[in-house]
Amino acid sequence: MKSSSSTLRIIQFQFQDALSSRWLLVHTLIYLLIAEGLLMSSGFTDKALVSLVNVVLLLVPLVALLFGVIHQYTNRDYTIWMLTQPLKRPNLFSGLYLGLTVPMVLSFSVGITLPFLWHGGLAAGQAVQLITLLGLGAALTFSGVGVAASLAIRFADRVRGIGLALVIWLVYALLFDGLILMGISVFGNWPIEKALIGAMLLNPIDLSRLILLQTFDAAAMLGYTGAVFSRFFGSGMGMIIASVTLLLWVAFPVWLASRLFRKQDF
Amino acid sequence: MLARRTHITLCSLLLMIIAWVPAHVHGQSIGERVAASSPGDIVTIEAGVYTEAPIIIQHPLTLIGETGAIIRGAGDHELLVVDADSVTIQGFQFERVDKTFLEDRAALRIAGASHCRILDNTFDDVFFGIYMAKAHACAIEGNTLSTTIENETSGGNAIHSWYSTDLFIQNNTIDGFRDGIYLEFTDDSVVQNNVSTENHRYGLHFMFSDRCAYRNNRFVDNRAGVAVMYADGILMHDNEFTRAWGTSAYGLLLKEIRDGELIGNRFSENTTAVFMEATDRMQIEHNQFANNGWALRIMANAIDNTFTANDFVGNTFDVATNSRSAPSSFAGNYWDRYAGYDLDADGVGDVPFRPVTLFSLIAERHESALFLYRSVLVDVLNAAERIMPAMTPVDLVDAEPLMAPTIDPDQGTPISQTVLR
Amino acid sequence: MHLMQPIQITDLHKSFGPVDVLNGVDLTFHPAETTAIVGPNGAGKTTLIKCILGLTHPDRGDIDVLGQSIDQGVTYRDQIGYMPQHAHFPENLSGRQMMSMIRALRAASDDGDTDIDHSLIRTLQLEADLDKPFRVLSGGTRQKISALLAFMVRPAILILDEPTAGLDPVSSAALKDHIMERRDEGASVVLTSHVLADLEELADRVVFLLDGRIRFDGALDDLRSMTGEHRLERAIATLLEGEAA
């Protein structure tokens, strides 16, 4: 049997499992309720869209990391059973990884998009913003589940794995920015804008936030800082660098997890 | 239809003039015609391109340009000088006055005259447009002024006034100068219904000019909308300040001014909507601040200003200040960030609102902190500061924040308030 | 030494950190033979099985399955039916879907259940539960489906880890009958169990592991005569005492 088709077979069965699962429904509903709540109360104002962006940037990585790691611990016995089947490990890994992430991304997209549609958001010219939001949500999911998979494979102790997933989320969602703020207050008198752009590339959540700022809320970028920001993110080259970096943020954890999965003694 | 009729009327008028004026007048320069006229005459100039030495008017006169009457300079001199009272200049197109750093070379200069009227002229490719020095009770109406300059230092002002009083400047359209309208030591003047766009410095610039009023003007895409400096008793009503965007760009810059009114204006998409420095006892009401970077930046030396019934919507920062106290008062404004409740349903929130966030304070100190805008960390810091203010001014609160905006965000018209305090 | 033995293990070593779990194991499993691997906890039974299944990578040594080294690809697992101690399958899939998956993964045609499948389903009394999602099934039923999935492709090798754990007596007896049937048809069966009665009933041969080494390898009857104990439990206890002495 060809390896790519065995990957597809696994994805197919994972989809069947996910589609009738309760967690996927809950996952969809959470995003649906958040988007609906914000759009219903504020309409297509910048306020609602920006709040939605904030929620997505906060929640998506948390869900990807935490749910990703829990899901893999829960299914560890099944994974081991699958490993005893005539399957190459990389194929099995791709199958299980995509079988989890793709339903998550689709469910997230449906949850966010439906309220957009029935509130007439695409007519209101929000298609670009929506697609950017969905794309970044997908990237953060792929990245987060990649990190979660690495943790779950590397650490057999699930308390440790889940704890580390939370710590990683805290670091990237909060502590990283705290360090940046400290850096700014220490070196604020130097022209550090370019260094800051570099630093932002080191954190996929910050990177996503800045890409979204460019489409949603560029008004926030003021003065000299704003000029540096716009020159970078507003230029084709800057967007390419940002996108490629974000792709690396997906590729590296997935590569790491895949490698760990290949080497691991189960 | 209307245009056609106007055209026919103008043509017949032209025929009448050609029939009546002596034949030798044809081919004369405007200067010769003006010199030949008597005080109080009405001199009408036919269509044509007039290239001649500066025209100097030294007695009361009404000089009317037919459609297509163009006064074109060689670049190195001014075009027309009004050196007498009660002169009316109407309907001309002024072209080509080159820039110079030696003098304020203008297309049309009013020198120490009063009761002159500059109506419905067009100015194109000029250094200064209309230049008034020691003018009194002049009306500048319905003119269109446009030019193209590279930067602030290479341009002049469209309508410029120095040591004048009682000017009336209205319905002019201005585009692309250094300052759209510049008033220095010009008191008791009115500026209204003008549109001033894409100027490289200010749409409107007041210096040392007291008791002036400007209303219903539109200032769009200027480097800065309006600067009012060293002036008392200025009334600023119902103007629109839009897209003054860039490093140190202001919708309205107030510096060293006192006892004025800022009422019913709309500020949108400016980097800083209103910047106040040493500005005292201003009454700031019913303005709308929407989608600006900073809605208000108030320096510590601005005191006793009152902010009432303004709407703050979609701004990055509502109020920034370098002051630790609150020398101005806020009451009854609408803040879209306000997350309080209104249990007694009187339209006024039951808990006070603090418009100065910790992050705005940090960004005031280190601009590059803006990179963290909308970061979760910033939300956490702001929330913590709101609960236990440690750095933000404790007294700078709106104790009566409105639950709903007072101005329709789309129309810019006041929303009738069922609940009035 | 026969090249085409179902499983041939040569000088197998595996350590986890400082602990040598397998310390030079040589072992051959034959066709039509049920081998019970016994030993105390930590003796290396599970690791040995995991090495055969490719779950764990040995440090040293060779494992050949049907004459082919397991390093040469995953196709050897086509010939292995594995029943884990704890069967866990996706909560929302059914036994029927898992059967379909097994066929898909082994490139077998999915033309519905074969006669063998039918007889197995009947033997294990799974007719009523095969189309229900796993989340509603009891542990015993899951175990039976796990057995079904291991047996359905009629592999040359069966590796059964505590196969009767959690089964009711009737199902347990049926499963054991089926294991013996397969053995008689030529399958090589590798078995671990804490239920020594099961081993006595099923095993032709006993391999006793201790500290990563084989301490006894022979027919059950040989073990009995060597230790002078008829009961397997006592025979093993005697072996352990002998080691301790």
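Residues are numbered from 1 along each chain as its sequence is written, and chains are lettered from A and ligands numbered from 1 in the order in which they are written. Because the model is predicted, local features need pLDDT of at least 70 and side-chain atom pairs count only at pLDDT 80 or more, while totals for chains, interfaces and linings use all residues.

Two packed helices are described by the angle between their axes and the distance between the axes. In chain A, helix α6 (residues 127–154) and helix α7 (residues 158–187) have axes that come within 9 Å and cross at roughly 150 degrees. That makes α6(A) roughly antiparallel to α7(A). Helices (H or I, at least four residues) and strands (E, at least two) are DSSP runs, numbered from the N terminus. Axes are lines fitted to C-alpha atoms, for helices over the stretch in contact, and angles run from 0 to 180 degrees between N-to-C directions. Angles under 35 degrees count as roughly parallel, over 145 as roughly antiparallel, 65 to 115 as roughly perpendicular and the rest as oblique.

Val147(A), Ala148(A), Leu151(A) and Ala152(A) of α6(A) meet Gly161(A), Leu164(A), Ala165(A) and Ile168(A) of α7(A). By class, this contact of α6(A) with α7(A) has seven nonpolar, one polar and no charged residues. Here Ala, Val, Leu, Ile, Met, Phe, Trp, Tyr, Cys and Pro count as nonpolar, Asp, Glu, Lys and Arg as charged, and the others, Gly among them, as polar.

Chain C holds an open sheet of six strands in the order β6-β7-β8-β3-β9-β10, with mixed pairing. Its edge strands are β6 (80–83) and β10 (213–219) of chain C, each of which pairs on one side only. From one strand to the next the twist averages 15 degrees. Strand β9 (residues 205–210) of chain C pairs with β10(C) in the antiparallel sense over six bridges; two strands pair if DSSP finds at least two bridges between them. Within this pair, Val206(C) stands opposite Gly218(C) in β10(C). Helix α4 (residues 139–151) of chain C packs on the sheet, touching β6 and β7 (157–161) of chain C, and its direction makes about 170 degrees with that of β6(C).

Chain B has parallel pairs. Strand β15 (residues 159–165) of chain B is joined by six bridges to strand β18 (residues 181–187) of chain B, and the two run parallel. Ser164(B) stands opposite Thr186(B) in β18(B). Four bridges join β18(B) to strand β21 (residues 202–207) of chain B, again in parallel, with Ile181(B) opposite Leu204(B) in β21(B).

Between chains, 20 residues of chain A are in contact with 25 residues of chain C, contact being C-beta atoms, placed from the backbone, within 7 Å. On the side of chain A that touches chain C, α1 (3–19) and α4 (76–83) of chain A each supply at least two residues. The residues of that side divide into nine nonpolar, six polar and five charged.

Most residues other than glycine have a negative phi. Phe208(B) has a positive phi of about 50 degrees although it is not a glycine, and its place is the loop between β21 and β22 (213–215) of chain B. Ala345(B), also not a glycine, has a positive phi of about 50 degrees.

Technical notes. Contact = placed C-beta atoms within 7 Å.
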